[in-house]
Amino acid sequence: MAEIADKVPVEDKWAFATNVFSGSAMGLMAQLVGALGKEKVIEILNGMWGGGGAALHPMIQQKYNIPVEDAAGAARLSLVVGKVALGPEYTSEIVESTPERAVRRTYKCALWERAKEYNVLDAFKVCGEPCATFVKEGFKAVNPKIDFKLTKCPEWGDEYCEFLYKFKK
């Protein structure tokens with residue numbers, strides 16, 4: 001049977017792995033919110049996701065030599081990090097890009113999709129702040145002159161997540 005697994009294309013393995021990861025994360029978060037409450041779970045996720053962002057952003061930036069000298073570079077790096085972290089169903093685009101200011105929108109996120117599929121949106125309404133922390137800590141590690149703010153989020157009733165990057169002089 002191992003020969004069957006060896007023949008599975010890498011793209012399919014990636015899709016399966018991110019689906020299982022995001023589904024497991026949704027189940028865990030729903031249980032934690034039920035047991036600990038939303039505020040405590042946000043505190044825990046901020047610590048976990050902040051550390052993940054601080055590790056992953058410089059890792060991707062250095063491995064693929066993505067310049068982050070301005071807001072446009074920050075948005076490009078963030079787009080790559082999102083796709084790598086959240087898998088092939090992740091859909092995001094840069095809608096504004098200048099050296100001083102860039103805006104990126106995410107229309108489909110594996111975590112939000114699993115929350116909808118598993119009907120745990122009420123319990124999962126803890127993604128905005130930890131996601132913002134993931135990105136903020138990532139850019140502190142890559143270029144502290146990048147200022148970041150999450151301006152829209154489905155958790156808040158928006159159609160998509162919107163990320164604003166500004167370059168501090």
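The legends below describe the whole predicted model and then several close-up views of it.

Residues are numbered from 1 along each chain as its sequence is written. Because the model is predicted, local features need pLDDT of at least 70, side-chain atom pairs count only at pLDDT 80 or more, and totals for chains, interfaces and linings use all residues, while side-chain values use heavy atoms, with hydrogens and water left out.

**View 1. Overall fold of the protein, with seven helices and four strands.**
From the N terminus on, the order of elements is α-α-α-α-β-β-α-α-α-β-β. The radius of gyration is 16 Å, close to the 15 Å that the globule rule gives for 169 residues, so the protein is as compact as a globular protein of that length. Helices (H or I, at least four residues) and strands (E, at least two) are DSSP runs, numbered from the N terminus. The radius of gyration is taken over C-alpha atoms, and the globule rule is 2.2 Å times the number of residues to the power 0.38. Along the principal axes, the C-alpha atoms fill a box of roughly 50 × 45 × 25 Å.

**View 2. Surface, burial and charge of the protein.**
Of the 169 residues, 44% are buried; buried means under 20% relative accessible area, exposed over 50%, and partly exposed in between (1.4 Å probe, protein chains only). The protein exposes about 9,200 Å², and carbon and sulfur atoms supply 57% of that area. These areas come from the Shrake-Rupley method with a 1.4 Å probe, and for residues only the protein chains shown count as cover. Among contacts between residues at least 6 apart in sequence, 60% join residues at least 24 apart; contact means heavy atoms within 4.5 Å. The mean positions of the 22 positive and 22 negative charges are 4 Å apart. Lys and Arg count as positive and Asp and Glu as negative, with His and the chain ends not counted; each charge is placed at NZ of Lys, CZ of Arg, CG of Asp or CD of Glu.

**View 3. Helix H2, residues 10-36, and its packing partners.**
H2 has 27 residues and reaches 38 Å from its first C-alpha to its last, close to the expected 39 Å at 1.5 Å a residue. The expected span of a helix is 1.5 Å times one less than its number of residues. The buried residues in H2 include Thr-18, Ser-22, Ala-25, Met-26, Met-29 and Val-33. An α-helix has 3.6 residues a turn, so residues three or four places apart point the same way. Helix H3 (38-63), helix H4 (71-86), helix H5 (110-117) and helix H6 (121-124) are what the buried residues of H2 pack against. After H2 comes Gly-37, with a positive phi near 95°.

**View 4. Helix H7, residues 128-142, and its cover.**
H7 has 15 residues and spans 21 Å from its first C-alpha to its last, close to the expected 21 Å. Among its buried residues are Pro-130, Phe-134, Val-135, Phe-139 and Val-142. The cover over the buried residues of H7 includes H3, H4, strand S3 (146-152) and strand S4 (161-167). Glu-129, also in H7, is partly exposed at 44% relative accessible area. Leaving aside neighbours within four places in sequence, Glu-129 is in contact with Ile-42 and Asn-46. The C-alpha atoms of Glu-129 and Glu-155, 26 residues apart along the chain, are separated by 9.9 Å.

**View 5. Ser-78 and Val-80 in helix H4.**
Ser-78 is buried, with a relative accessible area of 3%. Not counting residues up to four places away in sequence, Ser-78 touches Arg-104, Val-135, Phe-139 and Tyr-165. Val-80 is partly exposed at 29% relative accessibility. With neighbours within four places in sequence left aside, Val-80 is in contact with Ile-60 and Ile-66. The C-alpha atoms of Val-80 and Arg-105, 25 residues apart along the chain, are separated by 13 Å.

Most residues other than glycine have a negative phi. Asn-65 is exposed, with a relative accessible area of 64%. Asn-119 counts as exposed at 70% relative accessibility.
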